[in-house]
Amino acid sequence: MKQSNLRKLVLTNLLLIATSIFIILIWIYYQPQLLTTKIGIILTIIAMVIFLFAYNKSYSLFKSHMNSQSNSDYLKDLLAIKAKQNFMEKTMLNLYFILLSLGIGLYMYEYTSRMKPFWGIVTYGITFIWILINWFYLRPKQIKKQKTKLDAIISKFETVNDQLNA
């Protein structure tokens, strides 16, 4: 579990940092004219930075686990990880999605305003549908998958802990 979480952390960091750099390069190369576009870019990058900060901070719980810990200490660590994961899923992921959605919406305004109204509506519609799919389908599915995995481990350690205390 620890190795896969480390890999996931590194991959998430690399992808979000690369995406932020790419967005900054777009800003530099295309020189957006409207303030809404610049605010959109800034909100998008802020969303990624906030998420990375919280995500990296939560990894410290995984890192602090020592192999020589007792089962009850390890169980306490797992419960702390579960609480931190719950905070990440509810507060930080919601903040990330809200800021990212606002940023994308504001960023797109300058370019969709140059389109015919029909294509502007289609562009915003497709983007809005993709955000809804992420918010109501992919995000809950990922959250459920992580909770199931962590709950299974906690359940096993609770069983072992109960057997040792009996």
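## Starting at a loop

Is Gln31 buried, exposed or partly exposed? Gln31 counts as partly exposed, because its relative accessibility is 48%. For these labels, buried means under 20% relative accessible area, exposed means over 50%, and partly exposed is in between (1.4 Å probe, protein chains only). Keep in mind that this is a predicted model: local features need pLDDT of at least 70, side-chain atom pairs count only at pLDDT 80 or more, and totals for chains, interfaces and linings use all residues. Residues are numbered from 1 along each chain as its sequence is written, and side-chain values use heavy atoms, with hydrogens and water left out.

Gln31 sits in the loop between H1 and helix H2 (35-63). Helices here are DSSP runs (H or I, at least four residues), numbered from the N terminus. What is the phi of Gln31? It is positive, about 45 degrees, although Gln31 is not a glycine. For background, most residues other than glycine have a negative phi.

## A greasy patch

Now look at the surface: Ile17, Ile21, Ile24, Leu25 and Ile28 form a nonpolar patch there, and together they have about 450 Å² of accessible area. Such areas come from the Shrake-Rupley method with a 1.4 Å probe, and for residues only the protein chains shown count as cover. To join a patch, a residue needs over 30% relative accessible area and no salt bridge; nonpolar side chains (Val, Leu, Ile, Met, Phe, Trp, Tyr) are joined within 5 Å, and like charges within 9 Å.

Take Ile28 from this group. Ile28 belongs to helix H1 (residues 2-30), and it counts as exposed because its relative accessibility is 52%.

Helix H4 covers residues 117-165, which makes 49 residues. From first C-alpha to last, H4 reaches 69 Å, close to the 72 Å expected at 1.5 Å a residue. That expected span is 1.5 Å times one less than the number of residues in the helix.

Where is the kink in H4 centred? It is centred on Asn134 and comes to about 35 degrees. The bend at a residue is the angle between two fitted axes, one for the seven residues ending there and one for the seven starting there. Asn134 is also one of the buried residues of H4, a list including Gly120, Ile131, Arg139 and Leu150.

## Salt bridges

How many salt bridges does a search of the whole structure find? It finds three, where a salt bridge is a side-chain nitrogen of Lys or Arg within 4 Å of a carboxyl oxygen of Asp or Glu.

Asp151 pairs with Lys82, and their closest N and O atoms are 2.8 Å apart. Because Asp151 lies in helix H4 and Lys82 in helix H3, this pair ties together parts that are 69 residues apart in sequence. Asp151 is partly exposed at 32%, and so is Lys82 at 34%. Leu79, in helix H3 (residues 71-112), is 72 residues from Asp151 in sequence but 9.2 Å from it in space, C-alpha to C-alpha.

Glu89 and Lys147 also meet in a salt bridge, at 4.0 Å from N to O. This pair links distant parts of the chain too, with Glu89 in helix H3 and Lys147 in helix H4, 58 residues apart. Glu89 is buried at 6%, whereas Lys147 is partly exposed at 31%. Then there are Arg114 and Glu110, at 2.9 Å from N to O: Arg114 is exposed at 58%, but Glu110 is buried at 3%.

Notes:
Helices (H or I, at least four residues) and strands (E, at least two) are DSSP runs, numbered from the N terminus.
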